[in-house]
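Here is a short report on one model.

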Amino acid sequence: MSARTPIEETSHRAGFACFVGRPNAGKSTLTNALVGQKVAITSNRPQTTRHSVRGIVHRPDAQLVLVDTPGLHKPRTLLGERLNDVVRTTWAEVDVIGFCLPADQKLGPGDRFIVKELAGIKKTPKVAVVTKTDLVDNERLADQLIAVDQLAIELGFEWAEIVPVSAVGDSQVGLLADLLVPLMPTGPALYPEGDLTDEPEQIMVAELIREAALEGVRDELPHSIAVVVEEMIPREDRPQNKPLLDVHANIYIERPSQKGIVIGPKGARLKEVGTKSRQHIEALLGTPVFLDLHVKVAKDWQRDPKQLRKLGF
Ligand SMILES: Nc1nc2c(ncn2[C@@H]2O[C@H](COP(=O)(O)OP(=O)(O)OP(=O)(O)O)[C@@H](O)[C@H]2O)c(=O)[nH]1
């Protein structure tokens, strides 16, 4: 039983928020911290988020649906252009935009580029989130808060809020949610309680595999990897208390020469990727998994519209 007084239907709020910011700004980690479960993939490599993974924060007074966008960047390929389109479409649809700026990095041209674009979205309230505060002292943090405030003034708008957070130290994450809620429209919950994301499971599973495949590979490879889960089917003839889910997935790379990097000597790397991602998939789905991974070459997929569609972009 809850000791809380019931919230009147009219004061309940629900809406969409998205975090934007340079690659590596900490958007995915913040989404996970707010939701309290791993839903968006994180990595110390830039531009790992390709899909708009939604995390859903359920509170008695509100429901916050978090849309995690890929990083906005200078487009060099067709994929780059599509990613930027996804970002802009998202911005126009949400109720609040959170601009993430790491506390430990100087506000640079990349940040200006994004905030300038944000300034053009007049109707949507914008909140500045200074992330990774655990990495700096108070003085540097204060400088960063001032810098981000100044930048908005320079560009002719004002942040609805400026909030310092550390997702890793779980500091002020709850406060951020408290500040985002009043910016949501009043209305009933948009998703059933308990739903943490509406991303199709296959896409989340593919992202977990991609995350594992990206770990420790050379710099040029991350942009060349895509993962497609072809099939997820429960194994037949299993005893009820010992289910097994068969997951068949392909890791796509762009050039035959990249195959060796992903597979590793005598298949060691691929095996490692399989073991690692299987553990995450099992945790996500709550069932034992048999993971069948194949590496395939999809020549220059980033430049080919037909391939992009096939790979889910
Ligand atoms: N110390 C510290 N590190 C953090 C914090 N938040 C994120 N990081 C680290 O920063 C790196 C990038 O975090 P992500 O959440 O993947 O960043 P992102 O903005 O989603 O990155 P893209 O998907 O590339 O756009 C990871 O190595 C995180 O562990 C934080 O609060 N403190």
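## Confidence

The protein chain averages a pLDDT of 82, and 77% of the residues score at least 70. pLDDT is the predictor's confidence in each residue, from 0 to 100. This is a predicted model: local features need pLDDT of at least 70, side-chain atom pairs count only at pLDDT 80 or more, and totals for chains, interfaces and linings use all residues. Residues are numbered from 1 along each chain as its sequence is written.

Within the protein chain, strand β5 (residues 126-131) has the highest confidence, at a mean of 98. Helix α9 (residues 305-310) has the lowest, at 62. Helices (H or I, at least four residues) and strands (E, at least two) are DSSP runs, numbered from the N terminus. For the complex, the predictor gives an ipTM of 0.97 and a pTM of 0.65.

## His-248

His-248 sits in strand β8 (residues 245-253). It counts as partly exposed because it has 15 C-beta neighbours inside 10 Å. The cut-offs are 20 or more other C-beta atoms within 10 Å for buried, 12 or fewer for exposed, and partly exposed in between, with C-beta atoms placed from the backbone.

Beyond four places in sequence, His-248 is in contact with Glu-230, Glu-231 and Asp-292. Contact means C-beta atoms, placed from the backbone, within 7 Å. Val-229 lies 19 residues from His-248 in sequence, yet their C-alpha atoms are 6.0 Å apart.

## Helices α6 and α8

The axes of helix α6 (residues 201-214) and helix α8 (residues 268-285) come within 8 Å and cross at roughly 145°. Axes are lines fitted to C-alpha atoms, for helices over the stretch in contact, and angles run from 0 to 180 degrees between N-to-C directions.

Definitions and conventions: Contact = placed C-beta atoms within 7 Å.
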